[in-house]
Amino acid sequence: MSTVKTLTAGMEKKYVLYTFLSPLTMVGEVVMETIIPYIMAMIIDVGISNRDINYVLRTGLVMIGCACLSLVCGVAGGRLAAVASQGFSHNLRRNLFAKVQGFSFGNVDKFSSASLVTRLTTDVTNTQNVYQMVIRMSARAPFMLIAGTIMACMINLQLASLFIFAIPVLAVAIVLIGSTAYPRFSTMLGRYDKMNNTVQENLIAIRVVKAFVRAGWEDEKFDKAADSVRAAQVNAEKVIVLLMPIMQIVVYVTMIAALWLGGRKIVAGDMKAGELISFLTYITQILMSLMMLGMIFVMLVLSRASVQRITEVLDETSEITSPAGGLSTVADGSIDFEHVSFSYTKRAGNCVLDDINIHIRSGQVVGIIGGTGASKTTLVSLIPRLYDTLSGSVSVGGRNVKDYDLIPLRDSVAMVLQKNVLFSGTIRDNLKWGSRNATDEQLVAACRAADADSFIMSFPKGYDTELGQGGVNVSGGQKQRLCIARALLKNPKILILDDSTSAVDTATESRIRDALKSAHPETTKIIIAQRISSVKDADVIFVLDDGKISGYGTHDELLTNNKIYREVYDSQQTGGDADLGGSAEGGN
């Protein structure tokens with residue numbers, strides 16, 4: 001019952017109403033279908049036997065009327081069930097998507113994005129199909145079974161005893177097949193996740209695939225994943241296909257037995273021909289209702305895997321939530337790390353950040369330098385509370401980040417990542433992610449600060465230029481500048497640039513730094529970079545090495561006091577500025 005409440009939470013009232021109306025209309029259809037064989041028997045045994053044409057016509061018209069009513073009820077029930085199931089799936093997908101939006105990074109990592117896509121699509125579709133079948137057949141099949149059995153017993157109790165042998169056979173077959181198929185369908189859905197992961201990776205990295213001429217290898221990889229799904233699906237379906245032949249054999253054997261026994265009774269004068277014909281119809285109705293119940297049972301068993309996967313997401317509790325009565329205002333851009341340690345596995349022996357102590361005044365320009373894997377991005381991700389610390393505390397504006405409501409905290413922090421993300425739509429639409437109500441003047445000012453206005457205006461449609469999915473029709477450097485402009489439109493108290501100028505040349509980077517310094521002097525700026533030139537003018541530079549702070553100070557102080565910083569500086573000076581002449585992509 002709790003699972004049903006979880007799946008239908010927030011469902012619109014009209015769809016709830018349709019859910020209850022559909023079974024009622026199906027009962028009306030069953031009533032008419034149950035009456036029709038009885039009327040048919042009367043036509044044969046009374047009208048035709050007595051050669052009373054008027055009786056045949058009158059009774060035939062009644063039978064036609066019942067058939068029309070049955071048709072109307074069946075169509076209405078089918079439509080109501082279809083609309084209700086569509087509303088159910090829409091509501092379920094909406095709840096799932098909203099739940100995922102509230103997940104922390106840790107929650108998303110737990111499920112994987114490919115698995116979440118499968119749950120939002122395949123699993124919801126499976127559940128929707130079962131929902132539609134259940135609300136149509138949950139009343140129809142049992143009511144048909146009861147009504148048909150009563151009518152069959154009224155005609156001939158001895159013949160009706162045939163059901164005593166047929167029903168147990170069907171029940172045993174349904175239970176055995178359903179219990180065998182469930183684990184196989186669970187395996188199949190797991191392989192769907194792996195196939196979707198392969199597709200997702202390939203589409204995201206399509207440029208890398210083509211650059212390394214690995215299309216053939218990727219085709220082979222996908223073929224293996226798709227074949228794995230096919231094999232699992234065949235393995236599951238071959239159990240299900242046994243159900244229909246078993247059911248048909250039981251139906252046909254029961255009908256043959258009824259014909260043989262009924263024929264003998266007609267010859268002996270204990271039964272009329274019309275009664276036998278209507279009895280055979282009731283046999284068909286009863287056994288068909290049993291088959292429907294069997295299919296419902298099997299579908300429920302099979303959908304159990306999908307339902308379980310959906311409820312896992314809906315029941316998941318976000319690792320990071322806003323506190324009750326959380327602070328709604330961030331005073332300033334000051335940042336303090338007090339003995340901070342962090343582990344993705346939440347185990348103290350596996351920390352990627354260890355005993356970090358950093359104090360940043362509001363409005364300072366801070367540089368963070370470190371090698372690949374030094375956990376620079378992880379460090380700054382703790383500021384907007386994308387992750388929580390394992391130990392120690394992070395404070396913004398003089399208050400622990402855990403004291404803030406998440407929305408105002410994250411609104412006060414703007415992050416520009418090295419891996420830039422743009423969405424389908426115009427340049428203007430993408431920029432307004434920073435501020436939905438930004439004016440054209442504000443858009444232009446932000447783009448000028450990010451050195452993006454000139455290339456935007458070089459496009460025929462300017463700010464109304466359509467970007468392809470992921471911004472495929474702009475260069476890497478242009479993407480970075482658009483993302484910086486988008487972040488500036490938030491007017492944040494803290495701006496984090498995570499290697500976000502790596503795709504632009506040093507001259508462009510210098511212009512961006514100068515513009516940010518003059519246009520947003522009150523904003524705390526954290527610059528993560530690989531190039532010393534990107535951070536040498538910062539008020540303070542922190543050197544991160546293997547998750548620990550190995551030194552901090554100004555550029556000149558670190559050259560004197562920090563071996564790692566000096567080695568990086570010397571290697572970049574000796575090798576020349578690799579970005580000069582090497583950033584044609586970002587120089588546009």
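In which hand does helix 3 pass helix 5? The crossing is right-handed. The legends below describe close-ups of a predicted model.

**View A. Helix 3 packs against helix 5 and helix 2.**
Helix 3 (residues 53-101) and helix 5 (residues 113-155) lie with their axes 9 Å apart. Their packing angle is about 150 degrees. Angles over 145 count as roughly antiparallel, so helix 3 is roughly antiparallel to helix 5. The axes of helix 2 and helix 3 come within 7 Å and cross at roughly 160 degrees. Helix 2 and helix 3 are therefore roughly antiparallel too. The crossing of helix 2 and helix 3 is left-handed.

**View B. Three leucines form a nonpolar surface patch.**
The patch consists of Leu-17, Leu-21 and Leu-24. Together they have about 280 Å² of accessible area. Leu-17 sits in helix 2 (residues 13-48). Leu-17 is partly exposed, at 48% relative accessible area.

The N to O distance is 2.9 Å. Both residues belong to helix 9 (residues 215-240), three residues apart, so about one helical turn separates them. Arg-230 is partly exposed at 45% relative accessibility. Asp-227 is also partly exposed, at 40%.

**View D. Lys-346 and Glu-319 form a salt bridge between two loops.**
The side chains meet at 3.5 Å, N to O. This pair links distant parts of the chain, 27 residues apart. Lys-346 is in the loop between strand 1 (335-342) and strand 2. Glu-319 is in the loop between helix 11 (273-314) and strand 1. Lys-346 is exposed, with 53% relative accessible area. Glu-319 is partly exposed, at 39%.

Asp-453 and Arg-448 form a salt bridge at 3.8 Å, N to O. Asp-453 is buried, with a relative accessible area of 14%. Arg-448 is exposed, at 57%. Elsewhere, salt bridges with shared partners join Glu-29, Glu-33 and Arg-140 into one network.

Most residues other than glycine have a negative phi. Asp-355 has a positive phi of about 50 degrees. Asp-355 is placed in strand 2 (residues 353-360) and is partly exposed, at 41% relative accessible area. Asp-546 has a positive phi near 55 degrees. Asp-546 lies in the loop between strand 11 (540-545) and strand 12 (548-553). At 66% relative accessibility, Asp-546 is exposed.

How values were computed. Residues are numbered from 1 along each chain as its sequence is written. This is a predicted model: local features need pLDDT of at least 70, side-chain atom pairs count only at pLDDT 80 or more; totals for chains, interfaces and linings use all residues. Side-chain values use heavy atoms; hydrogens and water are left out. Helices (H or I, at least four residues) and strands (E, at least two) are DSSP runs, numbered from the N terminus. Buried means under 20% relative accessible area, exposed over 50%, partly exposed in between (1.4 Å probe, protein chains only). Patches are made of residues with over 30% relative accessible area and no salt bridge: like charges are joined within 9 Å, nonpolar side chains (Val, Leu, Ile, Met, Phe, Trp, Tyr) within 5 Å. Accessible areas come from the Shrake-Rupley method with a 1.4 Å probe; for residues, only the protein chains shown count as cover. A salt bridge is a side-chain nitrogen of Lys or Arg within 4 Å of a carboxyl oxygen of Asp or Glu. Axes are lines fitted to C-alpha atoms, for helices over the stretch in contact, and angles run from 0 to 180 degrees between N-to-C directions. Angles under 35 degrees count as roughly parallel, over 145 as roughly antiparallel, 65 to 115 as roughly perpendicular and the rest as oblique. A crossing is left-handed if the near helix is turned anticlockwise from the far one by less than a right angle, and right-handed if clockwise.
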